[in-house]
Structures are given as structure tokens and as C-alpha cells.
Amino acid sequence: NGRAGLSGLGEVVLGLCERAEESSVDVSDLRGAVSGYVVDSPAAARDALEPLMSAFDFTVAERDGALVFFHRDDAPIALDVDALTASSVARTYAQRDATDAPIEARVRFIDAARDYLIAGVSARRLDRAEGGVASIEAPLVLEPNVAEAMAQRVLAEQRAAAETLDIGVGPAQLA
């Protein structure tokens, strides 16, 4: 709305959800401050939230009919590792071709230190792999080091996504 100033990440996420008429939302676990965020055209709530989710490394899950937002590093691990090694558990390991993962990630953002001009940073894998470039348009006011961390995180997530482990468990592990 043209005003300047810091807002809590939870406030911004809650505001976007309210604009999408989503009333059952829990943002109590979100931490961080948003210096500025631009939504300059009509967009779905998910599209408006994705740059924030990438910049602040959080995700959302539906729990008991509510959307619960939380940082990925806060996600509880609820699996019993000993039970997963049992022979009755079905496991399938797959590894995609590493060349599918990008070797560079570029982030475009709004730089307050440069009179709110568009700026860009990039992060590149250090190995000699070949691959594409992941581009992130972040309509956020960010510090360059935060944008660079965002690019590094995208590269790491893309590389980790090349390996998957599918585990089939029984009703005993439903919780």
C-alpha cells in the first residue's frame, strides 16, 4: 500500500491469507521481519506466498482443518528409525541424473540500499557439473546476503531433490 517500515513475517503471511479469504491460519511459529514486499498484480495466494516461503525458508501444512506455517528447520521428525530398518518395511531408493539439477541460481530482489532498485545475486555450484539456471524473482526488499543465502538454499534443495527414498509403512506408523 505504499507505506514503508518493517512488518513481522507472520503478519504479512496472515494478511495475504486474509486477502484470499482463508480464515483458519496459524502463523504463530513464523519468525523474521519483512522490510518490504510488492504484489503488483492480481495473483493467487500461493503465488504471492512463494517468494516469502523461499526467502524465509518456511512451508505450510494442513493440520486439523487449518493452514499451519512453520520454518523447515522446526519440522518435527516423527519416524522411528529402528522401525524403518525392519525387513517388513518396503523401501525404494532412486537417484535422478545430477545434470537435471541447476548449477546456478539467480535471485532478483529490491535493494533498499540502492534506492529500491532491482538488484541481483547468484550462487553457483563449485563442481564441474553441467546444467541449467534457476531464476527466482523475489519482489522483496532484501539485503544482498539474504538474497545470496536464498540462492544457495535453492541450489542445495535442487541437488537434494535428485535423491529420493520412498518408504511404505503400515498402520502402526500412521501417527
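This is a conversation about reading a few features of a predicted model.

Biologist: Before we start, what should I know about the numbering and the values?

Modeller: Residues are counted from 1 along each chain as its sequence is written, and side-chain values use heavy atoms, with hydrogens and water left out. The model is predicted, local features need pLDDT of at least 70, side-chain atom pairs count only at pLDDT 80 or more, and totals for chains, interfaces and linings use all residues.

Biologist: Let's begin with the sheet. Which strands form it, and in what order?

Modeller: Strands of a sheet pair through backbone hydrogen bonds, either parallel or antiparallel. Here three strands form an open sheet in the order 2-5-4, with mixed pairing. Strand 2 (25–26) and strand 4 are at the edges with a single partner strand each, so one side of each has no neighbour in the sheet.

Biologist: How many bridges join strand 2 to strand 5, and how many does strand 4 have with strand 5?

Modeller: Strand 2 and strand 5 run parallel and are joined by two bridges. Strand 4 and strand 5 are antiparallel, with six bridges. Look at Val68 in strand 5: Asp26 stands opposite Val68, and Ala61 stands opposite Val68 too.

Biologist: Is Asp64 buried or exposed?

Modeller: Asp64 counts as exposed, at 83% relative accessibility. The cut-offs are under 20% relative accessible area for buried, over 50% for exposed, and partly exposed in between (1.4 Å probe, protein chains only). Asp57 also has a positive phi of about 50° without being a glycine. Asp57 sits in the loop between helix 2 and strand 4 and counts as buried, at 19% relative accessibility.

Biologist: Now the aromatic rings. How many aromatic pairs are there in the whole structure?

Modeller: A pair of aromatic rings is described by the distance of the centres and the angle of the planes. A search of the whole structure finds one pair. That pair is Phe58 with Phe69, edge-to-face, at 6.0 Å centre to centre and 65° between the planes. Phe58 is in strand 4 and Phe69 in strand 5, so the pair ties together parts eleven residues apart in sequence. Phe58 and Phe69 are both buried. For the labels, rings of Phe, Tyr and Trp (its six-membered ring) pair if their centres lie within 6.5 Å, and planes under 30 degrees apart are stacked, over 60 edge-to-face, and the rest tilted.

Biologist: And how many salt bridges does the search find?

Modeller: Five in the whole structure, each a side-chain nitrogen of Lys or Arg within 4 Å of a carboxyl oxygen of Asp or Glu. One of them joins Glu50 and Arg46 at 3.3 Å, N to O. Both residues lie in helix 2, four residues apart, about one turn of the helix. Glu50 is partly exposed at 37% relative accessibility, while Arg46 is exposed at 61%.

Biologist: Last one: what lines the second largest pocket?

Modeller: Rolling a probe the size of a water molecule over the atoms shows where empty space is left. The second largest pocket holds about 290 Å³ of space. Fifteen residues line it, and Arg46, Leu49, Glu50, Met53 and Val60 lie nearest its centre. Helix 2 gives the largest share of that lining, six residues. A pocket here is an open set of points on a 1 Å grid over the protein atoms alone where a 1.4 Å probe fits, with protein on both sides within 12 Å along at least five of seven lines; lining residues have an atom within 4 Å of a point. Points are joined across faces, edges and corners, and the volume is the space filled by probe spheres set on them.

Note on methods. Two strands pair if DSSP finds at least two bridges between them.
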